[in-house]
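This report describes the strand pairing, the helix packing and one surface patch of a single chain. The sequence and structure are shown first.

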Amino acid sequence: FAMLLVFDTSTYWHGRNVYDEAAVEGARVAAAFDGTCADGIAAAEALVHASAGAWARDVHVSCTDGAVVTVTVSGTTPGVLAGALGFSVRVSESVPKEQ
């Protein structure tokens, strides 16, 4: 049981780190002087799929534009104790828009 708990904790944090990096990249791209939310969403989705591959399920990326750009990435990570459901992860990153 302890090993399964360690495995689940590791997969959760790995998934959270992947989604967080995707949110950072998406916000960076969208906040660029010539960037748009569509560009940021595409960058975040590409990073999740490149880093997570098939285990990233139900990935959803959203973006809000303004003086501060916020990109939110949510999805599910795999799990052993949680079964096929895995864990839900949701991270947001904000960056000031370049002028």
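Over how many bridges do β2 and β3 pair? The pairing is antiparallel and extends over ten bridges; two strands count as paired if DSSP finds at least two bridges between them. The model is predicted, so local features need pLDDT of at least 70 and side-chain atom pairs pLDDT 80 or more, while totals for chains, interfaces and linings use all residues. Residues are numbered from 1 along each chain as its sequence is written, and side-chain values use heavy atoms, without hydrogens and water.

Within this pairing, V69 stands opposite V95 in β3. The three strands form an open antiparallel sheet in the order β1-β2-β3. Its edge strands, β1 (57-64) and β3, each pair on one side only. Neighbouring strands are turned by 10° against each other on average, direction ignored.

| Helix | Strands touched | Angle |
|---|---|---|
| α2 (residues 37-52) | β1 and β2 | about 155° with β1 |

V80 lies in the loop between β2 (68-77) and β3 (87-96). With a relative accessible area of 37%, V80 is partly exposed, a class between buried (under 20%) and exposed (over 50%), using a 1.4 Å probe and protein chains only. Together with L4 and F7, V80 makes a nonpolar surface patch of about 240 Å². Such patches join nonpolar side chains (Val, Leu, Ile, Met, Phe, Trp, Tyr) within 5 Å, from residues with over 30% relative accessible area and no salt bridge, the latter being a side-chain nitrogen of Lys or Arg within 4 Å of a carboxyl oxygen of Asp or Glu.

Definitions and conventions. Patch = residues over 30% accessible without salt bridge, like charges linked within 9 Å, V, L, I, M, F, W, Y side chains within 5 Å. Areas by Shrake-Rupley, 256 points an atom, 1.4 Å probe, with all protein chains shown as cover. Helix = DSSP H or I, 4+ residues; strand = E, 2+ residues; numbered from the N terminus. Axes fitted to C-alpha atoms, helices over the stretch in contact; angles between N-to-C directions. Contact = heavy atoms within 4.5 Å.
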